[in-house]
Amino acid sequence: MPKVKIPTPLRQYAGGNNEVEVGGATAGEALGNLASEHPDLKQHLYTGDGQLRSFVNVYKGDEDIRYLDGQDTEVSEGDELSIIPSIAGGSVVRRCR
Amino acid sequence: MQTRQPLVESPNGSVELSNEEIARYSRHLIMPEVALDGQKKLKAAKVLTVGTGGLGSPLALYLAAAGVGTVGIVDFDVVDESNLQRQIIHGTSDVGRPKVDSAYDKLKDINPNVDVRVHEEALTSENALEIFEDYDVIVDGTDNFPTRYLVNDACVLLNKPNVYGSIFRFEGQASVFYAGEGPCYRCLYPEPPPPGLVPSCAEGGVLGILPGAIGTIQATETVKLLLGIGEPLIGRLLLYDALGMSFREMKLRKDPNCPVCGENPTVTELIDYQEFCGIPQANAAEQVNGVPEITVEELKQKLDNSEGINVLDVREPHEYEVANIGVRLIPLGELPQRLAELEQDDILAIHCKTGARSARAVKLLQDAGFQNVYNVKGGITAWSEEIDPSIPKY
């Protein structure tokens, strides 16, 4: 089964796990299974109409699945999927227009 | 050694080092990769650090120490006690001072040869291009999405490298976005998350040392770009996990459809980044539209008059341990499963640390049919500031 690496901001929605093994033959299936196992994750990964959110990037190994076959990217035993969300932390420059 | 076109041309006769500078930069001068020519390049270079907080602190300190001739700092914030755990450019005696003043003093003390240029203002679509124009490299150490997209777009429009770093809790990211040679931030993340979905450091916390690791990576990348040595992080996203103590690297690609650096850009000037990030007004990330609010004064009055108002705290137990006002605790994440513990007809005032999580809790309770739920404006922080200073502020 492929492994999915969960980044810190999303761990609280995945039972505190930093890595989860899920079934699925494609990246889309694996993520779908992950979201069914951890329903709280769903709204963070998908939009209301089931599209992967644009600020959530998914990598197979070190390649962005957008540049492979997207959600149809094949995954197999031992493959590692990483969810890389955008984070903004740093210094406080609060206002901007 | 990999070499590439340095961002700063060899200054030849126009920049000289004094004997004091030669002694100061000795450890650079004896390395062939830097040497006298490289040190002169650094002296001729101008670097802007956006923000003098967690990332900006180590970054600006090291750039000044390394001999970057001009270091610009943009910030309009004031040093607060809660900054000192990680913002090492500021000291305890600086609390209450403008961050740019405190940073200026520290940088000048480390290296008086550096021309420290202070921009004590918020970075906006109106001033960003003008401020950036004078600098060779822009280093992004901001903490919010609107400013990150603003910095990115301004760098793309001016074709300047944007040395990126970002941190959250125990994890950091770093890259160099340089549209002239590779992808930009929008190629990686075309759109920001909606406000409230991704917690900020103020909400989620950050290991004090983490910005030290990421900020020094940004400083390293900056110096490499200026000197034209090594392999920059262009087209690579470096991920650092302090808990696992591991570094990983992801490939980044230039998106031909990128709205700002793609083949047919639709963003050709700076836009309204608050609006782009879905924030109708400054600081509105903290608010959920249309949620009824109660101020801490009003709450105090109602409690004193025994007006039958119940207060609920939706923070985490470890936060409750730091400071609480003796009310019931149901963490926001557990609230959906624990609705049965609350009476639908009760008048409820919900608080968290500053009001963001409690606003989501109010919305959640309203959706579940609760009629009389109010968000405590400013949370326990406001309670500590305005009602009971014996409650510690964290």
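A residue counts as buried if 20 or more other C-beta atoms lie within 10 Å of its own, exposed if 12 or fewer, and partly exposed in between, with C-beta atoms placed from the backbone. The model shown here is predicted, so local features need pLDDT of at least 70 and side-chain atom pairs count only at pLDDT 80 or more, while totals for chains, interfaces and linings use all residues. Residues are numbered from 1 along each chain as its sequence is written, and chains are lettered from A, and ligands numbered from 1, in the order in which they are written.

View 1. You'll find Ser306(B) in the loop between α12 (296-304) and β10 (309-313) of chain B; helices (H or I, at least four residues) and strands (E, at least two) are DSSP runs, numbered from the N terminus. Though not a glycine, Ser306(B) has a positive phi of about 45°. Most residues other than glycine have a negative phi.

View 2. Look in the loop between β5 and β6 of chain B for Arg169(B). This residue is buried, with 20 other C-beta atoms within 10 Å. Arg169(B) isn't a glycine either, yet has a positive phi of about 55°.

**View 3. Where chain B meets chain A.** Here 55 residues of chain B are in contact with 27 residues of chain A (C-beta atoms, placed from the backbone, within 7 Å). On the chain B side, elements giving two or more residues include β5 (162-168) and β6 (171-177), and the largest share, 5 residues, comes from α7(B).

Technical notes. Contact = placed C-beta atoms within 7 Å.
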